[in-house]
Amino acid sequence: MSKVKPTLGRKGKSKRELSPTQKATRRLGLVLSTPALLYIGIFLIFPLFYNLFLSVTDANGRNLISGTFSFNNFANYVNVLSDPLFWNGLLLSLIFTFACLITQYIFGFALALLFRRPFPGNGIIRALLLVGWILPPVVTGTIFKWMFDSDYGVLNFFLQSFGIIDEPIRWLTVGSTALLSVIIANLWIGIPFNMLLLLSGLHTIDDSLYEAASVDGASRWNQFWKITFPLMKPVTVSVLLLGVINTYKVFDLIYTMTKGGPVSSTTTLPVYTYLETYTVFEFGNGAAASVLTLLIPLFLSWYYVKSLNEEEN
């Protein structure tokens with residue numbers, strides 16, 4: 001059996017030489033990871049840096065194809081930051097994210113507590129709830145667009161049938177109700193996602209803790225606050241961070257239902273970036289807006305990875 005001899009590195013520190021088997025293992029690992037590295041480079045890193053490049057140019061629908069665009073330093077960022085629609089989009093993104101995050105977490109946790117204990121039909125009902133998460137957002141947006149339609153929508157039909165309203169509510173053509181509609185549609189996607197992650201966390205809690213608490217006379221409410229909620233803190237942090245990232249970047253659902261209208265009442269930052277790029281064809285401004293939009297998810301992603309590393313340690 002070959003021995004690994006320690007050698008001195010450049011700074012005099014002890015350094016171990018790799019055996020031929022270890023070197024072969026490293027080369028094999030590099031070869032096996034090549035497809036993933038190529039995918040990351042082509043579809044993630046290159047578009048990101050090309051977007052950064054466009055954000056400091058005057059590229060638009062006229063000069064991008066001909067290649068006659070030129071650098072304009074940070075003029076695009078100044079234009080975007082001075083645009084009231086950008087700040088309106090940021091405010092709407094925060095409202096949309098916060099409303100969805102809190103609501104889907106509460107309902108997701110309640111459903112996870114319900115499905116933690118076995119009962120007849122547990123698996124079937126849980127599978128049906130996951131349909132909302134499995135469906136593509138465009139399909140979900142189309143379904144809810146039909147449901148909230150003011151003329152032939154099923155929601156207005158039932159509300160009028162039960163005498164709750166006298167005339168149809170124009171859900172998607174009035175600003176406040178349009179934002180509420182897209183929030184409700186996104187909850188149909190987010191609640192099953194939260195339920196699934198929280199349910200997996202609940203299954204890691206030992207049932208003997210609840211048995212001991214019951215013997216000591218603790219009520220169900222006290223058991224939740226003293227046992228369940230504290231032990232679910234790591235899972236809760238992960239669920240909330242993932243929820244912020246997933247909700248903040250929602251585009252296809254909103255665009256399918258309202259296209260950012262009426263009058264920019266649902267134009268969140270992702271929708272604003274799309275409209276600036278592919279409606280006005282100001283690719284430089286659109287690239288700058290996408291860079292600014294990307295800052296919050298990047299920070300949250302870094303914090304999420306950091307929290308996972310701290311939890312492992």
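# Cores, loops and overall form

Reader: Which residues of the largest nonpolar core touch the most other members?
Author: The model is a predicted one. Its largest nonpolar core holds 21 residues. Those that touch the most other members are Phe96, Phe148, Val182, Ile183, Leu253, Ile254 and Met257.

Reader: Which helix supplies the largest share of this core?
Author: Helices that each supply at least two residues of this core are α4 (84-116), α9 (175-202) and α13 (252-257). The largest share is seven residues, and the helix it comes from is α9.

Reader: Which residues is Phe96 in contact with, leaving aside neighbours within four places in sequence?
Author: Phe96 is among the core members that touch the most others. With neighbours within four places in sequence left aside, its contacts are Val182, Ile183, Asn186, Thr247, Val250 and Ile254.

Reader: How many residues make up the other core, which lies apart from the largest one?
Author: This other core includes Phe115, Met195, Ile205 and Ile227. Its total is 16 residues.

Reader: Why is the protein described as more spread out than a compact globule?
Author: The secondary structure comes to 15 helices and two strands. For 313 residues the globule rule gives 20 Å. The protein is well over that, so it is more spread out than a compact globule: its radius of gyration is 26 Å.

Reader: What box do the C-alpha atoms fill?
Author: The box is taken along the principal axes. Its dimensions are roughly 85 × 75 × 30 Å.

Reader: What share of the accessible surface belongs to carbon and sulfur atoms?
Author: The accessible surface of the protein comes to about 19500 Å². The part that belongs to carbon and sulfur atoms is 69%.

Reader: How far apart are the mean positions of the positive and negative charges?
Author: The protein has 22 positive and 17 negative charges. The distance between their mean positions is 19 Å.

Reader: Is Ile184 exposed, partly exposed or buried, and which residues is it in contact with beyond four places in sequence?
Author: Ile184 sits in helix α9. Its relative accessible area is 33%, so it is partly exposed. C-alpha to C-alpha, Ile184 is 8.0 Å from Cys100, although 84 residues separate the two in sequence. Leaving aside neighbours within four places, the contacts of Ile184 are Phe144 and Phe148.

Reader: How far apart in space are Val174 and Phe224?
Author: Val174 lies in the loop between α8 (154-161) and α9. At a relative accessible area of 37%, Val174 is partly exposed. Val174 and Phe224 are 50 residues apart in sequence. Their C-alpha to C-alpha distance is 41 Å.

Reader: What is phi of Lys259?
Author: Lys259 is in the loop between α13 and α14. It is partly exposed, at 47% relative accessibility. Phi is positive although the residue is not glycine, and lies near 55 degrees.

Reader: Is Val263 buried or exposed?
Author: Val263 is placed in the loop between α13 and α14. Its phi is positive, about 50 degrees, although Val263 is not a glycine. The cut-off for exposed is over 50%. Val263 has 80% relative accessibility, so it counts as exposed.

Terms used. Residues numbered from 1 in each chain as written. Predicted model: local features only at pLDDT ≥ 70, side-chain atom pairs only at ≥ 80, totals over all residues. Heavy atoms only, no water. Core = buried A, V, L, I, M, F, W, Y, C linked by side-chain atoms within 4.5 Å. Buried < 20%, exposed > 50% of the residue type's maximum accessible area, 1.4 Å probe, protein only. Helix = DSSP H or I, 4+ residues; strand = E, 2+ residues; numbered from the N terminus. Contact = heavy atoms within 4.5 Å. Rg over C-alpha atoms; globule rule 2.2 N^0.38 Å. Areas by Shrake-Rupley, 256 points an atom, 1.4 Å probe, with all protein chains shown as cover. Lys, Arg positive; Asp, Glu negative; His and termini not counted. Charge placed at Lys NZ, Arg CZ, Asp CG, Glu CD.
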